[in-house]
Amino acid sequence: KSAPPEVPYWIPYLGSAIAFSVNPLKFYADNRKKYGDVFTYTMVGRKFTVCLGIEGNNFVFNAKLADVSAEESYKPLTTPVFGKGVVYDCPNHMLMEQKKFVKWGMSNDAFRAYVPEIEEETRNYFQRWNNKTGGRGDLFKAMGELIINTASRTLMGPEIRALMDDSVAQLYHDLDDGFQPINMFFEWLPLPSYFRRDNAHIKMRNIFKQVIDDRRTNNVTDKTDMLQSLLNQTYKDGTPFTDVDACHLMIALLMAGQHTSSTTATWALLHLAEHPHLIKELLAEQKDVLGSLDTPLSFDAMKNMTLLENVIRETLRLRPPIIMILRKVIRPITYPGTDYVIPKGNYIAASPIATQVDEQFYKNAMHFDPHRWNSIKEEESGESVDYGFGKIAGGGARNPNLPFGAGRHRCIGETFAYVQLKTVISTFVRMYDMELTEKGMPGQDFTKMFVQPVLPVEINYTPRK
Ligand code: HEM
């Protein structure tokens, strides 16, 4: 029995941080050749044991609570931003219940109501690009601003949406600055951005609290947004889920849904601009399903837009915003099928991005091809998945494509994200035609918490008649 092999490094403490953040995929590929699927590297004084391949994905996502902890990995980053008592600042069983509270606010009826709202927000936002001749637009900035509007209108409720244009957007920005990799490694640094983050947290919580207080004073009960669904919840053991807990969970949802969705929308549109025939196919699909491009979009109609769905699926395969899932080892664990014992104190890391771009699973893996998903069959039970190379039993986490994770910490926002992205992308292509600029496709910036395109991200657009 021995610890997994370690990647040597020359800069003490910093370790492999630079090589990793410049290009994690190359870093993994180079070291995989030398050490196999499981190896340890040092970054900023911490040891990360990455577990590659579908077995690695399964090992990390399904690791036992007694062996590993997500809280110990993410808490320094998340608690100052979200606040106390929720997500990673409470025992795991409470997080599991919080995820159930949230799920009630993500029903099909809620989604039916959200689609026209998101369509309207998208139209209103992109009116500002409208002129006769078209021009060049900053897609990344636009998607960031639009998703704040759509997510706040649908999940946070009309009161918060009304505030979005001014002060809340700034607070959001300050929270965001406090949600970077540096915050994870250097919790106690007295940086100005940390003070701004803490200030923004208090102000944001107070805004949510005020909205809740007003709803309670006026006996408002007819709202269908997420905020309303979090009020008056109780844990199974009788502990009340307080209004302050609800405020903190709302901030968490805001942070979880914002960059993940806005970068995905940006990449999806960039890939469409790269492959203009797909834009034509998307419009033809809309006409086919709705009869006309003037028919408003709806949740139920979009379920029949297979290409639209596959554009998003393919975008998340190639450009997943979250590329490293961490759990801190709290009891030494043996990696199955090996003699490796991963020591207590290490982090185990899954990087499904590695399997998502692996030629073993996806032919011509770096090529954007939404149609590839026509021939990949996922059985509804999730029991097995046919990726064209034979069925994989227990598809759940032994799965090459896991942009939303798997297991107990799996994303609960997937359906909402799809609904939001489908509506934004469909509305945008109805309004504008687009092309890449002479700079072509931007590269990936892996130094951000949520991987994003290297800025600036611009496209050339022309309004449709
Ligand atoms: C968890 C990805 C959108 C809320 C996760 C995880 C991933 C992920 C990979 C697993 C984290 C882990 O295992 O450590 C994404 C992507 C999104 C997206 C790619 C969009 C394209 C959203 C949205 C919301 C949301 C819109 C809420 C409105 C959550 C929550 C968790 C989660 C509450 C659970 C964390 C836990 O149990 O530890 N997401 N997410 N996500 N996500 Fe998402």
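## Sheet

Five strands form an open sheet in the order E1-E2-E8-E5-E3, with mixed pairing. Strands pair if DSSP finds at least two bridges between them. Helices (H or I, at least four residues) and strands (E, at least two) are DSSP runs, numbered from the N terminus. Strand E1 (38–43) and strand E3 (68–69) are the edges, each pairing on one side only.

E1 runs antiparallel to strand E2 (residues 46–51), over 6 bridges. Tyr 41 sits opposite Phe 48 in E2.

## Model basis

The model is predicted: local features need pLDDT of at least 70, side-chain atom pairs count only at pLDDT 80 or more, and totals for chains, interfaces and linings use all residues. Residues are numbered from 1 along each chain as its sequence is written, and side-chain values use heavy atoms, without hydrogens and water.

## Helices on the sheet

Helix H3 (residues 53–61) lies across E2, strand E5 (325–329) and strand E8 (347–350). H3 runs at about 130 degrees to E8. Axes are lines fitted to C-alpha atoms, for helices over the stretch in contact (heavy atoms within 4.5 Å). Angles run from 0 to 180 degrees between N-to-C directions.

## Second largest pocket

The second largest pocket has a volume of about 660 Å³, the space filled by probe spheres set on grid points joined across faces, edges and corners. On a 1 Å grid over the protein atoms alone, a pocket is an open set where a 1.4 Å probe fits, with protein on both sides within 12 Å along at least five of seven lines; lining residues have an atom within 4 Å of a point.

Of 28 lining residues, Gly 144, Glu 145, Ile 148, Tyr 172 and His 173 are closest to the centre. H7 gives the largest share, 6 residues.
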